[in-house]
Amino acid sequence: MHEWALAEAIVKLIENSAVENRTNRVDYVEITLGELQQVDEEILLYAFNELLTILKNEKNIEVVKYQLVKERAEFKCNRCSFIWSPDVSAMPANELEMIHFIPETVHSFISCPRCGSHDFEIIRGRDLSVRLTHGTKV
Amino acid sequence: MHRDYRLFAIHSRLSSLKLVVPIISPKGGVGKSTVSAMLSLALTDRGISTGLLDLDITNPALHIILGINIHSIKLEEVKGIKPFRPLEGLEFMSIAFFTRGAILPVRGSGIVNIVRDLLAITNWNSTVLVVDTPPGFSDEVFELLLLLHTVNPHVAKPLIITGQSVLSFASTKQLLNLIRRERFEPLGVLCNMCSSAKFLQETAEAYNVEILGCVPFIQNFEEIIGDAKAILKSARPYFNGVIDKILSIVKA
């Protein structure tokens, strides 16, 4: 998207969820950041903080605490069941940029180190996911 | 509570479009990609700002048809990714920009993720979006229709492509049944590589669907692949029915 647009989508999700739950207080937001997202954390956090301030000022919705949790990538081969964590830092920059936008493109660039198959599942580290805990209803 | 943040981005990106036309057919080889390219070029030629999305994830081909060198293009990042503009009035996006044309071997759940990612990152600035889909009615088509349904079920009007073959015709009838049960209203049916649409008349009446045109087999098509201007010239006479229908919707 990326970092700013990601932050916008996350804040929109928080706003929507607060409205749905009829609360103006979100106690806790946990953002799990998969390694394959290749997100610049500093930019994401800066954008997120700026947008949270706007959310508080314009919609009176407050996020009390948030945390960014990093998740290492892990793949499982569908052919030989081998499970491995790729050395993402060793991948060429142009491939990492593609993976940053569309993580599944990793299937074009790497295969199972044991049997060579491209038929593998991304079992961890693909997504950016958001978990929320709401406060008292208004 | 876990939520997919992409759905919020997709909703806001698709809301700006007046009409989305998925090009669908259960049968392979009826010319969905060529029709998608021709329709987009013809729409642009008639002054309608058009987006074209190649949703054939494992085997995208529209960049080849339009002569776009994916290796030399760096997509611009402005609040997401701006689609490539091969010519004035036309925006284009494809997974091929991210795989550099390599085959993307991926299963169903991966396809769903890619469709969501592509729709979440692409910052369209068009009136109409034409979406080329792979044969069948599986992950790509289902996910697109699901996401469009959450935005506005009336924004999506699939254009069904059929050939004259008994095999293609049989699956077109089944697809018309399915689309209606899914509560989507088809834009119409377009016959491709057909000398006449007469074979479809009875079915069109029975299913209350419009035949929007008949594109003949274009003898030199292989020679003009990669030349958007030549493709537009070949397409122009055959797409007025589809374009008039689209105009009646977007200008209503």
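This note comments on selected strands, helices and the chain contact in a predicted model.

1. Basis. Residues are numbered from 1 along each chain as its sequence is written, and chains are lettered from A, with ligands numbered from 1, in the order in which they are written. Because the model is predicted, local features need pLDDT of at least 70 and side-chain atom pairs count only at pLDDT 80 or more, while totals for chains, interfaces and linings use all residues.

2. Strand β7 of chain B. This strand covers residues 159–162, and both of its faces are covered. L159(B) and I161(B) on one side, and I160(B) and T162(B) on the other, are all buried (20 or more other C-beta atoms within 10 Å of the residue's own; exposed is 12 or fewer, partly exposed in between; C-beta atoms are placed from the backbone). In a regular strand the side chains alternate between the two faces of the sheet. Strands here are DSSP runs of E of at least two residues, and helices are runs of H or I of at least four, numbered from the N terminus.

3. Partners of β7(B). Strand β2 (residues 19–24) of chain B pairs with β7(B) in the parallel sense over two bridges; pairing requires that DSSP finds at least two bridges between the strands. I23(B) stands opposite L159(B). Strand β8 (residues 188–192) of chain B also pairs with β7(B) in the parallel sense, over four bridges, and C191(B) is the bridge partner of T162(B).

4. Crossover. β7(B), helix α7 (residues 166–181) of chain B and β8(B) make a right-handed β-α-β unit: with the strands pointing away from the viewer, the path from the first strand over the helix to the second runs clockwise.

5. Helix α8 of chain B. Of the ten residues in this helix (198–207), one is buried, so the helix lies largely in the open. N208(B) follows α8(B) and has a positive phi, near 55°.

6. Sheet in chain A. Three strands form an open sheet in the order β4-β3-β5, with antiparallel pairing. β4 (83–84) and β5 (120–124) stand at the edges with a single partner strand each, so one side of each is left without a neighbour in the sheet. Strand β3 (residues 74–77) of chain A pairs with β4(A) over two bridges, and F75(A) stands opposite W84(A).

7. Contact between chains. Chain A gives 23 residues and chain B 26, where contact means C-beta atoms, placed from the backbone, within 7 Å. On the side of chain A that touches chain B, α1(A) gives the most, with seven residues.

How values were computed:
Two residues are in contact if their C-beta atoms, placed from the backbone, lie within 7 Å.
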